[in-house]
Amino acid sequence: MEIGLILGAGQLAATLRLAAPLTFAALGGVISERSGVVNIALEGIMLMGAFFAVWGTAVTGNAWAGLLIGIAAGVVLTAVHAYAAIHLRSDQIVSGMALNILALGLTSFLNFQLYGFTGTPADLAGLPDVDLGPVRGIPYVGGVIDDQSVLVWLAVALVVGVHLVLFRTVAGMRLRAVGEHPRAADTLGIDVFKMRYAAVLASGVLAAIGGAYLSLEVSHSFTNNITSGRGFIGLAAMIFGNWTPVGAFIAALLFGFGDALTFSLQGTGVPVQLLGTLPYLLTILAVGGLLARTRPPAADGVPYETEGR
Amino acid sequence: MTDVTSGPEVAPPARSVRQLGYQWTAGPAMPLLSLAVALLIGAVFIAASGRDPLRAYVALVSGAVGGATVQLAAYNTSETIVGAVPLVFTAISVAVAFRTGLFNIGAEGQLLVGALSAGAVGAAFGGLPGPVLMPLTLGAAALAGAAYGAIPGALKAWRGAHEVITTIMLNYVAIFLMHWLLQNGPMTAPSAAGTPASAKIGDGAILPVLLPSDLVPLSRLHAGTLIAIAALVGFWALMWRTSLGYELRSVGFSPRAAAQAGIDPKLRTVLVMAIAGGVAGIGGAVQIQGVLYRVFDGFSPGYGFDAIAVALLGKSSPVGIALAALLFGAFGHGGALMQSEAQVSAHIVSVIEALVLFLVAAELVARIVAGRRKARA
C-alpha cells in the first residue's frame, strides 16, 4: 500500500470534501444539544435540504436560491421537532425518529412525483468553487485546499464561528446554561423556551446546508436516501468531539478521512466496507468511556417546564 | 442522552419513555384518530401532486386485502401477512425493551446479524436434514441477535452509555458488516448477479409455504408466520406471566424502586436487551428461511426502524403489535398496487407511517387537545 494513496493531496482534498457535510450536521447537533434538545432528526433535515435545494435550483435556475429553499425546507421539518420537543415536551428520540422516516418518505415521494424514473435535471447549476489564486502554486497545500466548494469553506468558518459564539459571547453562555441547568437559567431571567427554539432551528439551518451540499455539490442530483446515514455520522462526530465545535470538526475530519480511504482503496483487495464501520465503532467506544471521557450537557434531552404552570 | 457517563448507577429512563406504556390506557381512540389524521395529511400530499387521493387509497386497500377474484384477494391478504411477519419480531424486540424502560433502536442491526447467521449456517450445513438444520439456523440467529443486543445492554449497565446512541451506531456497523460479507467477504456467492447475495440455504432450513398453491397460487405465506404468533404469545407470557417479566416491568416503572426490592437493574438491562436482540435476530432468520432463501445485500427495507412505529402504535402489547404490524404490512403490499394503479409513489406510505408514529408517539394530537383543555380551564 502506497503512502501517497493515504496521505496524498488528492486524498486529503477528498477528506475535506467528505468531512464538510458531517461538519454541518455535527455543528447543528452541538448547538441543539448544548441547549438541551436532542436532535436525531439531523438525518431527515439533511434529506429535506438535499431534495429541496435541487428542486429550488431546478426551478429558479440559481443554486444560491436553491440553497435557500433547501434551508427553508429543512427548517420547516426542524420546527416540527422543536415544537414537539420544547412546547409539547414529547419524547425527543421518538419525534426525531419519526421525522427521519417522514423526510425519507416525503423526499422519495416527491422525487417520484416530480421527476419520475428519469431523475432530477442533469444540467443543474452548482455553487462556485473557491479559486485561491496564488495558493494553487504551493505544492501539496494547493492541491488540498484549492478549488473546494464554497460550502466547504463555509463549514470551516462555521466551526470557528460556532466556537466563538458558544464560548466567547453572552448569548452562547446563556445557551449553554439552558442546556446545563435550565431552572437556574430561568431564575436568572433567561427565556429557556426561546433559547431552545433558536438553537434547534439553527441546527436545522446547518443540517439542511449539509444536505444541500451533498446534492448540489457532490452528486449534482438528488437520489432517494442520498444522505445514507450521514446525519447519524454527524451525530457521532458531535459525541466523539465531546459536544464542542472544534472537537466535532476534528471527528468529522477523521470520519471523512476514513470515508475517502474507502474510495481510494476500492479494488485493492482491502475490505473497504469494514472501514465504514469505524466512525460507529469509535463512537460506541467513546460513549462507553472506553476511549476518552465524553460528557453531554446535563439537561440534554430533558424537557423543561416552568414552575407553577 | 443525559446519562452517558452517569457512572455505575443505571440512570432512570426518561419519564416520557416509561409513560409510553400507559398512554393507551385511554383506549384505542387515539391511535385510530392519529391514523385518520395521517391519512388525511397523506391525501393532501397526493392531491397536491395532482393525483386523486380517493383513487389512490382505494387502490391501496384493494392491493392489500382485495382483488377481482377470491383467489387474488386471498393472495393479496397473504402477502400483507408476509410483510407483517418480520415487523412482528422487530416490534416485539422494541416493545420488550420499552416495557423495561429502554429504547431499543437497534432492532434493525439485530435483525441483520440474525439473518446473516441463519444464512451462513443454513448454507454451510445445507446438507443436514430439516429437524437438525431448522433449529440450528434459528438458534444461530437467536444467539447472534442476542449477543448483538447484549452489547448495548452491557454498555448501558456498566458504562452508562445511552442505549439510543449505541444501538443507532450498531445498526450501521451491522449494515457495513452485511455489505462486506455479501459483496466481497466470506459469504459472497459467486453467482450473485445484480444484488450481491449469499449462497442458497439448504432445503432443511426452508420454512414451508402454508397455503397449497392450487388454493392460492404464488402464495408465500410461510411457516414463519406461526413462529411470529408463537413469539407474540411468548412475549405476553414472559412479561405478564413470569416473575422475570414482572421484574423487567418493575425496572421499567421505577429502576430505583426495583433496586430497593432487590432486583438488580444492571443484569436485567443486559438480559432484556439480549432477549430483544434474540427476537429481532429470529425475525431476520425467518425472513431468510421463509421468503428469500438467501441473504441479499440490503434486503431489509427498514424492518427495525418501522418496528418503533409498530411497537408504539400497538402500545407495546402483543395484540396491539399484531394489529399494527398487519396495518404496516397492508401499507407495504398495497402501496405497490397504488403506485401502478394511481401513479402515486409508494413512498407516500412511509410518509403516512411516519405521520402515524409522530402523531401517536410524540402524542401530538393528545397533547394539543390536552393543552387546549388546560388553557380553557
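Two residues are taken to be in contact if their C-beta atoms, placed from the backbone, lie within 7 Å. The structure described here is a predicted model. By this criterion, and with residues up to four places away in sequence not counted, Phe232(A) touches Glu43(A) of its own chain together with Ile168(B) and Tyr172(B) of chain B. Phe232(A) belongs to helix α11 of chain A, which spans residues 230–240. With 25 other C-beta atoms within 10 Å, Phe232(A) is buried, because the threshold for burial is 20 or more. Ile190(A) is 42 residues from Phe232(A) along the chain, and the C-alpha atoms of the two are separated by 31 Å.

The contact between the chains draws 43 residues from chain A and 48 residues from chain B. On the side of chain B that touches chain A, at least two residues each are supplied by α1 (15–19), α6 (130–159), α7 (163–183), α12 (303–313), α14 (348–361) and α15 (364–376) of chain B. Helix α7(B) provides the largest share of this side, namely 13 residues. Sorted by class, the side of chain B that touches chain A consists of 31 nonpolar, 13 polar and four charged residues.

Chain B contains 15 helices and zero strands. Of its 377 residues, 58% count as buried. Among the contacts in chain B with a separation of 6 or more, 77% join residues 24 or more positions apart.

The largest nonpolar core has 228 residues. Within this core, the residues that touch the most other members are Ala237(A), Val88(B), Ala91(B), Ile92(B), Val310(B), Ile321(B) and Ala325(B). Helix α7(B) gives the most to the core, with 15 residues, and α7(B) also supplies the largest share of the side of chain B that touches chain A. For Ile321(B), with residues up to four places away in sequence again left out, the contacts are Val88(B), Ala91(B), Ile92(B), Ala95(B), Leu232(B), Val310(B), Ala311(B) and Gly314(B).

In chain A, helices α3 (residues 42–60) and α4 (residues 63–87) have axes that come within 7 Å and cross at roughly 145°. The crossing of α3(A) and α4(A) is right-handed. Residues of α3(A) that make the contact include Gly44(A), Ile45(A), Met48(A), Gly49(A) and Ala53(A), and those of α4(A) include Ala63(A), Gly66(A), Gly70(A), Ala73(A) and Gly74(A). By class, the contact of α3(A) with α4(A) comprises 14 nonpolar and nine polar residues, with no charged residues.

Two residues in the loop between α10 and α11 of chain A were examined for their backbone angles. Most residues other than glycine have a negative phi. Asn225(A), placed in the loop between α10 (192–219) and α11 of chain A, has a positive phi, near 55°. Ser228(A), which lies in the loop between α10 and α11 of chain A, also has a positive phi, with a value near 35°. Asn225(A) has 13 other C-beta atoms within 10 Å and is therefore partly exposed. Ser228(A) is likewise partly exposed, with 15 other C-beta atoms within 10 Å. Both counts fall in the partly exposed class because that class lies between the limits of 12 or fewer for exposed and 20 or more for buried residues.

How values were computed
Residues numbered from 1 in each chain as written. Chains lettered and ligands numbered in written order. Predicted model: local features only at pLDDT ≥ 70, side-chain atom pairs only at ≥ 80, totals over all residues. Helix = DSSP H or I, 4+ residues; strand = E, 2+ residues; numbered from the N terminus. Nonpolar A, V, L, I, M, F, W, Y, C, P; charged D, E, K, R; others polar. Axes fitted to C-alpha atoms, helices over the stretch in contact; angles between N-to-C directions. Left-handed = near helix turned anticlockwise from the far one by under 90°. Core = buried A, V, L, I, M, F, W, Y, C linked by C-beta atoms within 7 Å.
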